[in-house]
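Here are my notes on the model that you asked me to look over. They are set out as numbered points, and each can be checked against the coordinates.

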Amino acid sequence: MFDIIFYIFGAITVGGALVTAFARNIVYAAFSLLFTFFGIAGLYIMANADFLAVTQLLVYVGGILILLIFGVMLTSRIGTVDIRVGTGSRWVAGIMALGLFAILCAAFFGTAATHTEKSADGKSQVVTSWATHATRPWSGSKWNQDATTEALKPKYGAPDEVKSNEGSSGTSVEIGTLFLTDYLLPFEVISVLILVSLLGATMIARKEPTKEEEAIAESVSV
Amino acid sequence: MLTNYIPLALMMMVAIGFGVIMANLSKWIGPRKPSREKLSVYESGMVPIGTTHERVSVKYYIVAMLFIIFDIEIVFLYPWAVTFDKIGAFALGEMFLFIGLLFIGYIYVVKKGALEWD
Amino acid sequence: MNPNIINPQELAKLFAPLVKTSMSHFLPETILTVGFLLAIILDLLIKKSSQKKLTGYFALIVLAAAFVTSWMQWQPYVEGSTTWKGGSMIFPYMTTLIPQIGMAVVDNFAVFFKLLISLSAMLIVLMSMLSREVEERGRHNGEYFALLLALTLGMFLMPAATDLVMMYISLELVSITSYIMVGFMKENSRSSEASMKYVLFGAFSSGLMIYGFSILYGLTGTTSIVGIQAVLQSGMEAHTVNQLALWVGVILSLAGMGYKISAAPFHFWTPDVYEGAPIPITALLSVASKAGGFGLLMRFLMFGFPVDFQTGKLLLNWPLVVAVLAAVTMTLGNFAALRQSNIKRMLAYSTIAHAGYMMVGLVAVGSGLFMLAEVRSVGFHKELLPHFYEMSGMVSVMIYLVAYLFTNLGAFYVIMLIANKIGSEEIEDYKGFAKKSPLLAVSLGIFLVSLTGIPLTVGFIGKLYIFSSILTADPITHATPWVWLAVVMVLNSVVSLYYYVRVMQAMFIKQADAQTAPLTSALSVGPDGTLSYSLISKIFIFAFLVPTIVLGVYFQPVVDFTSNVVRFFSLQ
């Protein structure tokens, strides 16, 4: 059942992307992007990344895509423009894309290889990733054996237990906690970044008043 | 885990089904006798002039862009809201800083008249 | 609800001191952020376009404050000191309470770049105030200088970042601000085109980079580069590293950083953007933004990927990849520069070539790592230490960046002054310029000579150190693996001489044609055919000219200064 849903979402994503890439009409391309975004949101949910799925819907489907589709539909005669740019090197591009795909496949299938390794207490166990640690910054990594953490364990619980909230509150809690603690600096820098883009959008996209209008505005304000 | 999403999936199916059925119901069950007059565009009894596509002012795009920027801000409010009770005043201060910076941006946008339509 | 989440009061008590100490080390950046906000408010308060320049003076004060506070973070190494730490991590991982890993670090390396970047930003502010292009858009000068502060903040964070997330955010802050700055003259279609191209290329390469980062995170389970190194180190010892996946991750990550330093396959945006942007912004992109990119790249490669202390080998042979890219970058840049008729475009290709030279220094950084590994495997001998400093390309890259700062900013400044008057950037229009303004012509000549790397200029010192770092034989194995790269670099320098000389030939030897007369607009020409410049703009040339010549002769302070930075890495 899980697999079937996964493949359905996968097909929606890839199908939408293919139509976007190959459609002659830009309106179709824009609309099929909706399916791609939607399919990706589904895939995020399948990967237990519910926060990402919500973000995907909120920002991409709810914001960017609407802007895009309105932009396309409101632009006069855009539907008749053939958006495909003629190039003689389509075969080269295709071969390069396939090559990249092959490399990525090889890389990812390589990482899934299992191997045995010895854990701290001497028992050997099978690990399904080359990296010897779970995929969580605070779980079982080398520096976790640091004295500080060890010392704090009885008081604040073992770091591993933090991830034991599966199924209850989703990833939003974890992401929120990380944003407000470990990743505090990027979090605050992001607000500077958003502020910069606000300034930029206003400065670049706003219609400039003419010289006369400006003069009037200045004389009024003084 | 995924069972949490079953209501969501059902809701979605109902929504899509409702939309598709309602939009096509009259087409399916109504009688169809097309004629030249019926197929022509109706515009208050006038013969239509020009195309339906018109140039849209750049104002539309700036409002849309500002919408997306604030949309992204909201994305950061979500995880904050669900962890707020655990981290407490510390989280409140951080969010004040975050929102405070953007508030200056908001003042800027309003002052520069980017939200005025004319 | 999570059962083991601690109660809020306790948590806040835990975090407060961490944030407090972090903030005390974060003063320059805080000043820049507050300055940015105040500049926006200042812009809103000033109604008249003609007074918007006041924001520029304000930005200058803020940048000076950032420079001074960065200077105070400098920790000179005292021989035999036991308390000297070399640097401190700021904003560490709070949930794990491990002070060694975190978002950013304040060490001499970061401080060096902060000083370099804030100095060039100050020069750029002064340059912008004298620029006609910026003045013509007087109404937006408030935003211009405010954004310049945000850009500086981003560039401050780039070399300091030690976490993939922080690296990405700082890079994006720099990129997005640069897109806006490049499109600053939006009435000018070339400027808008440049901005558009910059956005498209930038979005693509930062997409590649974040993909690479995600692979690195997936492989190691941590976003901290210190953590990545620790995990890879243990993975290397257990021979469990998936080399292919790691390579994919690293090369994709290099795409984003290579784009910032305009290294060869990611350089396509450079000529168009440099040509379309206002000249001060072009100068800033070519110096400060590149310096930040190199800082980020060096930290990523040095810290992120471990050395096998048993065999002295790197886990990934990244120096080879960087060497090939460096050779391609400088060759491409130099040969494309030969055909340019617009001097801004020519200098754009020349900055690509210079990025290539600096990447040669990066290769030597890799050799330094080999060396470090060998030092550790054979035991630490004090007499080997000087060799290590020599070999470490880091010193050479930093010296080169200092040289490049004054030379390239100077060259762009003179071009700006010329464009202010004659409204053209075509080399063709520079004919007979030496007669119109001897001072400008001579100083531009000196800057170009320095860019070529001819002795008695600072550009020579930069190249010299790069050469010596790449050619110094390993004191243990006596191998010099990078001779071919040095040869490529020499040949490239010869090629570059040709196009630099072409500008000088136009200025000094050729006569102005009668047809090119319209470019000298009537108001700026003196009675004897000379161009008149204000005293300030003339004096300001010496801010670039004096360091270019003085540091070319008396360069020991720069070398001492940069060597101090490297000690931190070797003593770690």
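1. Of the 572 residues of chain C, what percentage count as buried? The figure is 57%, where buried means that 20 or more other C-beta atoms lie within 10 Å of a residue's own, exposed means 12 or fewer, and partly exposed lies in between, with C-beta atoms placed from the backbone. For chain B, which has 118 residues, 14% count as buried.

2. Please keep in mind that this is a predicted model, in which local features need pLDDT of at least 70, side-chain atom pairs count only at pLDDT 80 or more, and totals for chains, interfaces and linings use all residues. Residues are numbered from 1 along each chain as its sequence is written, while chains are lettered from A and ligands numbered from 1 in the order in which they are written.

3. The secondary structure of chain C comes to 22 helices and 2 strands, whereas chain B has 4 helices and 0 strands and follows the pattern α-α-α-α along its sequence. Here helices (H or I, at least four residues) and strands (E, at least two) are DSSP runs, numbered from the N terminus. Among the contacts in chain C between residues at least 6 apart in sequence, 80% join residues at least 24 apart, a contact being two residues whose C-beta atoms, placed from the backbone, lie within 7 Å.

4. Helix α2 (residues 27–45) of chain C packs with helix α6 (residues 141–160) of chain C at an angle of about 165°, their axes being 9 Å apart; axes are lines fitted to C-alpha atoms, for helices over the stretch in contact, and angles run from 0 to 180 degrees between N-to-C directions. The two helices α2(C) and α6(C) are therefore roughly antiparallel, a term for angles over 145 degrees, with under 35 counting as roughly parallel, 65 to 115 as roughly perpendicular and the rest as oblique. By class, their contact has 13 nonpolar, 4 polar and 3 charged residues, where Ala, Val, Leu, Ile, Met, Phe, Trp, Tyr, Cys and Pro count as nonpolar, Asp, Glu, Lys and Arg as charged, and the others, Gly among them, as polar.

5. Helix α4 (residues 108–129) of chain C also packs with α6(C) at an angle of about 165°, with axes 9 Å apart, and α4(C) and α6(C) are therefore roughly antiparallel to each other. Residues of α4(C) including C:F109, C:F113 and C:I117 meet residues of α6(C), among them C:F145, C:T152 and C:F156. By class, this contact of α4(C) with α6(C) has 14 nonpolar, 3 polar and 1 charged residues.

6. C:M103 lies in strand β2 (residues 98–107) of chain C and is buried, with 29 other C-beta atoms within 10 Å. Leaving aside neighbours within four places in sequence, the contacts of C:M103 include A:L185 and A:P186 as well as C:I90, C:F91 and C:M166.

7. C:S262, in the loop between α10 (243–260) and α11 (269–276) of chain C, has phi near 45°, a positive value in a residue other than glycine, and counts as buried with 29 C-beta neighbours inside 10 Å. C:L456, in the loop between α18 (438–452) and α19 (458–471) of chain C, has phi near 75°, likewise positive in a residue other than glycine, but is partly exposed, with 14 other C-beta atoms within 10 Å.
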